[in-house]
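Please examine the model shown here with its sequence. The paragraphs that follow lead from a single side chain to the pairing of strands and the packing of helices.

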Amino acid sequence: MSEKCKKVYITTPIYYVNDVPHIGHAYTTIIADTLARYSRMIGMDVFFLTGTDEHGQKIELAAKARGKSPQEYADEISNRFKQLWGDFEISYDKFIRTTDPEHMKGVQKAFEVMVERGDIYKDVYRGHYCVSCETFFTDTQLVDEEFCPECGRSTTMVEEESYFFRLSKYQDKLLEWYENKPDCILPKAKRNEVINFVKSGLNDLSITRTSFDWGVKLPESMHDPKHVMYVWLDALMNYITALGYGTDEKLMDYWPAKIHLIGKDILRFHAIYWPAFLMSLGLELPHHVAAHGWWTRNGEKMSKSKGNVVDPREIADAYGLENFRYFMLREVPFGQDGDFSQRALIDRINSDLSNDLGNLLNRIIGMSGKYFDFNVQSENVGHYHKEELAEVEAILANVEPFLYEVQTNRYLEELWKTLRIANKAIDTAMPWVKMKENKEDEAMATIALVANILAKVSVLLHPVMPKTTQTIAHALGFEVNNESYIRLIKEKALLERFTIEKVPPLFPRIEAPLVETPGQKAVEEAKKEAETKADKKSEAKAKPTSDEKEPEEENLITIDQFFKVKLKVGSVVEAEEVPKSKKLLKLQVDLGEEKPRQIVAGIKEWYSPEELVGTQVCVVANLKPAKLMGMVSEGMLLAAKDDEGLCLIRPEKPRKPGSAIG
């Protein structure tokens, strides 16, 4: 994005109040919030809009079914959205409701302008109407001559007087827009779908109804009070009425929108109807309409009947809001459908956040404290780590376009490349060895390199995880803001002399799902019952008859018993002799967790501490902690022993600490 573009307008769709917020709503809103936070951080003047869409026949029917007025029902559901976005700390500048008086006045003004332009006329409409989708379909679009091609529900044949918008008039102009602005629809693959639809021919659009009352009335100048506006004409106008169109237009200088974020199911309305309306009003078109895919649950489409709808509040409360934000933005390429599972979320937290980010910070805190009393300076980083620094700066200089093209997964992938560079730098340089070799400058340079990579990443990760990154920044002695963005990212500067502060582990590992999913308890009980029956059957089969001699015990175990043992690759970061012991060494072993584990091993007869540091070992990682000579041991090393002595079992080639064995 150009530094000269001072104003940035970012919108979510306004969410229809026919149901409570779900994970799809959260996904769109978190993306928009991330873009808004990033834009503010780099110095842009941002206006971020969200809200609720509250008119239409579907709302009128839903309210009636619940014994409420449409306004009461809309108030209730709209408030749920507003409360959730407040709890999720969504940084919107305005929450618009289509029942706001200012919005309705703006829509009426737009209607009058379209009439003046000759783009609205009255006629009789006869067509197939889907109440659920609030959309008309032609005979050729229906499934089996009856069902809605979008939702599959039955349509109703409607014939009524209606005002029409001359959509056909703008067919060529729309195609010209798609041609001249190839990135106006994101992801770009969606653009072809829209172009093909428009090329097939556009019919004029019915934009009023007389069969129900819950909507925006026509302006008084039309002298036709029995009509209310089509819900999509009403809803789409929110993007300009929120800026004061038709009332107080002092915010209209934020227009056109930088990005309209939407779900793929409403792409046609935003990429065809909306730009045509804007052309009629004489307003500029948005820069990008970005359509994301749907979220499924364990491979199945979410639905109330299946009981598999994901409650975003429940997941965020259980796993942490910022962990949830990271997962949503990282897990799925924008535009594709994504599958939500707690196991995938847990894997992201343990692997990306705990191992790669949290453990890296803990390593720096530990080494800086042990070797330099937490005081770090960066003057030798360029001398000892010129290549790593150049590689990191090259990556970070090119990440911004991924964000504004809404490729949030690619943006985060690039940031994580730099964290891997940092972790590799520690494993390669081994500061603990440099300290024993009296090469303090080299050890300091490595620690400072990694601290600076963490600082730069925390700045660019801030829009995704604002609280977490401020904690990291506090540990490294600075604040994330526009000033640090300019200094560390744009100017590629380093933190100079700084004192590292201890902070608690950021991402405790999670071993099992924290939210009980629908049917989970019943499945687990059935599984347990089946295992019990299988065990009893096995015991009965194995029991010898009175004529048989019971065989000698072979200590056989099942495959399930074997898999209960967790074996992992560990890197020995520190080792020392245990005083007054002839056999024991005390090791600090990195297993890719928040901090190294202490393991006390009886291998002193065969290994010295010096030859172990920097090497890798195989560890039984889920062994119950034990005390040896008053010291806690949190695992056991794998070794082979025969007449010639003992040797440790090691990976044939170096592997990432924490890699599973099996």
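His-462 touches Met-41, Thr-469, Gln-470 and Val-480, leaving aside residues up to four places away in sequence; contact here means heavy atoms within 4.5 Å. The structure is a predicted model, in which local features need pLDDT of at least 70 and side-chain atom pairs count only at pLDDT 80 or more, while totals for chains, interfaces and linings use all residues. Residues are numbered from 1 along each chain as its sequence is written, and side-chain values use heavy atoms, with hydrogens and water left out.

The position of His-462 is in the loop between helix 18 (440-461) and helix 19 (466-475). Helices (H or I, at least four residues) and strands (E, at least two) are DSSP runs numbered from the N terminus. With a relative accessible area of 14%, His-462 is buried; buried means under 20% relative accessible area, exposed over 50%, and partly exposed in between, for a 1.4 Å probe and protein chains only. The side chain of His-462 also makes a polar contact with the side chain of Thr-469, at 2.8 Å. A polar contact is a pair of N or O atoms within 3.5 Å; within protein, one must be able to donate a hydrogen and the other to accept it, and residues adjacent in sequence count only if both atoms are side-chain atoms.

A polar atom of the Gln-342 side chain lies 3.3 Å from the backbone nitrogen of Leu-514. The backbone oxygen of Val-515 lies 2.6 Å from a polar atom of the Gln-342 side chain.

The strands come next. Two strands pair if DSSP finds at least two bridges between them. An open sheet of three strands has the order 15-14-16 and mixed pairing. Strand 15 (300-301) and strand 16 (338-340) stand at its edges with a single partner strand each, so one side of each lacks a neighbour in the sheet. Strand 14 (residues 295-297) and strand 16 run parallel and are joined by three bridges, and Trp-295 has Gly-338 as its bridge partner in strand 16.

Another open sheet holds four strands in the order 6-5-7-9, with antiparallel pairing. Here the edges are strand 6 (135-137) and strand 9 (205-206), each with a single partner strand. Two bridges link strand 7 (residues 156-165) to strand 9 in the antiparallel sense, and Phe-165 stands opposite Leu-205 in strand 9.

Strand 20 (residues 585-590) and strand 21 run antiparallel, joined by five bridges; Lys-586 has Val-600 of strand 21 as its bridge partner. Their hairpin has six residues between the strands, and Gly-592 in this hairpin takes a positive phi near 75 degrees. Five of the five residues of strand 21 (residues 597-601) are buried, so this strand is largely enclosed by the rest of the structure. In a regular strand the side chains alternate between the two faces of the sheet. Both faces of strand 21 are covered, with Arg-597, Ile-599 and Ala-601 buried on one side and Gln-598 and Val-600 on the other.

Finally, the axes of helix 14 (residues 386-396) and helix 16 (residues 408-429) come within 9 Å and cross at roughly 170 degrees. Helix 14 is therefore roughly antiparallel to helix 16, a term for angles over 145 degrees. Axes are lines fitted to C-alpha atoms, for helices over the stretch in contact, and angles run from 0 to 180 degrees between N-to-C directions. Residues making the contact include Val-392 and Ile-395 of helix 14 and Leu-415 and Ile-421 of helix 16.

Terms used
Angles under 35 degrees count as roughly parallel, over 145 as roughly antiparallel, 65 to 115 as roughly perpendicular and the rest as oblique.
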